[in-house]
Number of protein chains: 2
Amino acid sequence: MARALPQIVVVGGGFGGLFAARHLRRAPVRVTLLDRSNHHLFQPLLYQVATASLAPSDIAQPIRWVLKRQRNTRVLLAEVRSVDLTRRRVVIEDDQVPLEMGYDYLILATGSRHAYFGHDEWEPLAPGLKSLADAREIRQRFLTAFENAELEPDPVRRRPLLTFVIVGGGPTGVELAGAMSEIARHTMRRDFRTFDPREARVLLLEGGPRVLPSYPADLSEKARRQLEKLGVEVRTNSIVTGVDRQGVQVGGERIPARNVFWAAGNVASPLTRTLGVPLDKVGRVIVEPDLSIPGHPEAFAIGDMAVFTHQTGEPLPGVAPVAMQQARSAAENIQNRVAGRPTRPFHYRDKGNLATIGRAAAIAELGRFHLWGFVAWMAWLMIHIFFLIGFRNRLLVLIQWAWAYVTYQRGARLITERTLNDTAPVYQDRRQAERSISMRG
Amino acid sequence: MARALPQIVVVGGGFGGLFAARHLRRAPVRVTLLDRSNHHLFQPLLYQVATASLAPSDIAQPIRWVLKRQRNTRVLLAEVRSVDLTRRRVVIEDDQVPLEMGYDYLILATGSRHAYFGHDEWEPLAPGLKSLADAREIRQRFLTAFENAELEPDPVRRRPLLTFVIVGGGPTGVELAGAMSEIARHTMRRDFRTFDPREARVLLLEGGPRVLPSYPADLSEKARRQLEKLGVEVRTNSIVTGVDRQGVQVGGERIPARNVFWAAGNVASPLTRTLGVPLDKVGRVIVEPDLSIPGHPEAFAIGDMAVFTHQTGEPLPGVAPVAMQQARSAAENIQNRVAGRPTRPFHYRDKGNLATIGRAAAIAELGRFHLWGFVAWMAWLMIHIFFLIGFRNRLLVLIQWAWAYVTYQRGARLITERTLNDTAPVYQDRRQAERSISMRG
């Protein structure tokens, strides 16, 4: 009898896990990809779902569909609770009906989640943006704020309803702030009768001295100016010290605001804490030069849940290109080990960075070239359209973008479930809850 | 000082309410449209969202956006709790912060909801299809059933996971059953490794002697044959006497099934019970020939929440064309009354009926012409594309239909939030709940 093929388990269906599985498609192995959601998400465009420009299905694709022709691979919808690196098993359930799965090689790629710096109680008050559910939550709150303002005749009481605070000046915060300000000033211009949507204030609070701190200083300054042109109030050196239902506290200053969104920090997926290996201060696995987990040469960690410092001494950034290149390297190193060859160290090739700010506004760092404004935005658009390859919806997304650009309209402005947020001017939580329930009846 | 313009309140943003408001756009009145959701839904295509062919934003449009250029009209997101016909007020909230709104003329168009014939406890077990939230719930259950089957190696235990029972053989039940069978047999063919999706059974249970009972008998028979060709098991004279987590009871027979969907009956919106006027046995307002509410000539009820028997002695069917024609009549009668003219009785012009069954399968009754199969389906397609006019997404929907038709692919197969349903083979409810919560983190 022939020896059974090695079993590779890949945990996570983001850029890291999905591309790792794809790189193994011709290898003499069996692959099982586990993810707790059924779809791969094109995360760079998630903020467009959160601001009602794109529909969830425009930027998400069932993992099963992406891998359907890859016959050596199966996809299971299941959340991995822990990993036993010594016994080489992943645990899907732990007590009531434990379900374990053995592996010969493992690739962990479960990403990161938002961090509230020890203030987890802020999470329901200031949701972050990682999943489609998060994006829908933010969209509901954003759209509902304007609906509630229409019901509030008193301008003084309306002001906090129309104040939007985004905490964190990284790429996600900048994208959200730019898009929200643009929508309020242009898209919604004629929609309301009680107030002018241009009353809306969008504040971007960054704790450090400049927005987009991972970019060169001149591009941060360009980004700031572009945001201000879109109507965003940018405040740097502004560390949030409190969040409650009525607003945020920034040191001694109080900002009344019923809508707070969080884009201020990440920690690694909690799965890393079950591994029993050294982690950095945000919980990431400190991997070897070949991306394996120290002491476990058959197990690899890639993408946002891992920290790789062997190239420059500094951690590589938590961006899709790093995850995708690491996926390839980990898949190749597994094939090297299966074939009895030594593994090879990972080397990241930085092809440039782009961040979008709003309508025809972006910044780009492409080697020594720094671009901004419309040129950078066109580059951003081209690259994102290109990477949507494999997504059925590339053409549709392009049509929708063109439409939104020309008409200032937004496509997916639906409040499909009433959220139990606290932005309503006249309703109490209990009543909101009842209403939300009765709507589903 | 000039007399203030008459205040018209329209409750509901479906076909009835939205079209009523539009017909009043040039009238010398002020219009307020109240709806508890922010969007108008193209309900004839809702089953396509439930079966993952279209995205919610393809068939829904913000009411505010549709009416933005209609300057005499404002749109408020609010649920009307009751109506005081005597004092001419609608009540948005009742106790804690009561919010009342007076009117000179009223149009009620709040539609209907599913009826469980005295078994409201079946609702969480067998969800119906009225709103986008309902459609998403059905889609999650439908897609999750296949995911859970992939985790279940035992074919005997897998069988109820892959059994889909649709209760009710009207248009919604027929559409759902046809689409679900088609997806299982074609779209998902290569997606799974543990089982063949063609194992899935789709049962359509109709209490009466034939499906689509509102159509002529020959077309019911055509519909039945087309359903059977798509793989649906059609059972007529099958009255469901019990629903639980493990299946349904049909008289003496037990059908093990973990997926039950409800399309068996409607009752009028509960708002009608607050009016203090005579209702029919499903709670509909029995309106006068001019659509006004008996004893209240300034208040009108239209669409599915009203019953109109003056034309033929039989109630008009609960379909969009009736609601849209009644909207026009009510709007004209209000303008007649404002101008001091007598109102005119409503007269329904039946332009034909179509029901779709699946890929290239439908039936149509157009006067004396009875069509079926591909011809009827083309007629259905043309008419629905035509009526999506005013929906930005008409072109996109057409592209998606064409794509789905040619490739057998489905566009919107996303499980965006794990539902707390009971179809999982190995998880308990508590654990599912935890998982669902942790996913949002």
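These are my notebook entries on two chains of a predicted model.

**Entry 1: chain A as a whole**

I began with the overall make-up of chain A. I counted twelve helices and 25 strands there. Next I looked up burial. Of the 441 residues in chain A, 60% are buried. Then I turned to contacts with a separation of 6 or more. In chain A, 63% of these join residues 24 or more positions apart.

**Entry 2: helix α9 of chain A**

I picked one helix and checked its length. Helix α9 of chain A covers residues 320–338, which is 19 residues. From the first C-alpha to the last, α9(A) reaches 27 Å. That is close to the 27 Å expected at 1.5 Å a residue.

Which residues of α9(A) are buried? My list includes A:Val322, A:Ala323, A:Met324, A:Ala327, A:Ala330, A:Ala331 and A:Ile334.

After α9(A) comes A:Gly340, and its phi is positive, near 80°.

Most residues other than glycine have a negative phi. I noted two exceptions.

In chain A, A:Ala52 has a phi near 70°. A:Ala52 lies in the loop between α2 (46–50) and α3 (56–59) of chain A. Is A:Ala52 buried or exposed? Its relative accessibility is 1%, so A:Ala52 counts as buried.

In chain B, B:Arg88 has a positive phi of about 55°. I found B:Arg88 in the loop between β6 (82–84) and β7 (89–93) of chain B. B:Arg88 counts as partly exposed because its relative accessible area is 37%, which falls between the 20% and 50% limits.

**Entry 3: two helices of chain B**

Next I looked at how two helices meet. Two packed helices are described by the angle between their axes and the distance between the axes. I took helix α1 (residues 15–23) and helix α9 (residues 320–338) of chain B. They pack at an angle of about 35°, with axes 8 Å apart. The crossing of α1(B) and α9(B) is right-handed.

Which residues make the contact? From α1(B) I wrote down B:Phe15, B:Gly16, B:Phe19, B:Ala20 and B:His23. From α9(B) I wrote down B:Ala320, B:Ala323, B:Met324, B:Ala327, B:Arg328, B:Ala331 and B:Gln335. By class, the contact has eight nonpolar, three polar and one charged residues.

**Entry 4: a three-stranded sheet in chain B**

I moved on to strands. Strands of a sheet pair through backbone hydrogen bonds, either parallel or antiparallel. I found an open sheet in chain B with the order β23-β24-β25 and antiparallel pairing. Its edge strands are β23 (353–358) and β25 (369–372), and each pairs on one side only. Neighbouring strands are turned by 5° against each other on average, direction ignored.

I then went through the pairs. Five bridges join β23(B) to β24(B). In one of them, B:Ala355 has B:Ile363 as its partner in β24(B). These two strands form a hairpin with two residues between them. In that turn, B:Ala360 has a positive phi of about 60°.

Strand β24 (residues 361–366) pairs with β25(B) over four bridges. Here B:Leu366 has B:Phe369 of β25(B) as its bridge partner. Helix α8 (residues 217–229) of chain B packs on the sheet and touches β23, β24 and β25. The direction of α8(B) makes about 170° with that of β24(B).

The hairpin of β24(B) and β25(B) also has two residues between its strands. There B:Gly367 takes a positive phi near 60°. Last, I checked cover: five of the six residues of β24(B) are buried.

How does the setting of B:Ala50 look? B:Ala50 sits in helix α2 (residues 46–50) of chain B. Its relative accessibility is 0%, so B:Ala50 counts as buried. Leaving out residues up to four places away in sequence, B:Ala50 touches B:Leu129, B:Ala135, B:Ile138, B:Arg139 and B:Leu176.

B:Ala339 lies in the loop between α9 and β23 of chain B. B:Ala339 is partly exposed, with a relative accessible area of 46%. B:Ala339 and B:Arg89 are 250 residues apart along the chain, and their C-alpha atoms are separated by 22 Å.

Terms used: Residues are numbered from 1 along each chain as its sequence is written. Chains are lettered from A and ligands numbered from 1 in the order in which they are written. This is a predicted model: local features need pLDDT of at least 70, side-chain atom pairs count only at pLDDT 80 or more; totals for chains, interfaces and linings use all residues. Side-chain values use heavy atoms; hydrogens and water are left out. Axes are lines fitted to C-alpha atoms, for helices over the stretch in contact, and angles run from 0 to 180 degrees between N-to-C directions. A crossing is left-handed if the near helix is turned anticlockwise from the far one by less than a right angle, and right-handed if clockwise. Contact means heavy atoms within 4.5 Å. Ala, Val, Leu, Ile, Met, Phe, Trp, Tyr, Cys and Pro count as nonpolar, Asp, Glu, Lys and Arg as charged, and the others, Gly among them, as polar. Two strands pair if DSSP finds at least two bridges between them. Buried means under 20% relative accessible area, exposed over 50%, partly exposed in between (1.4 Å probe, protein chains only). The expected span of a helix is 1.5 Å times one less than its number of residues.
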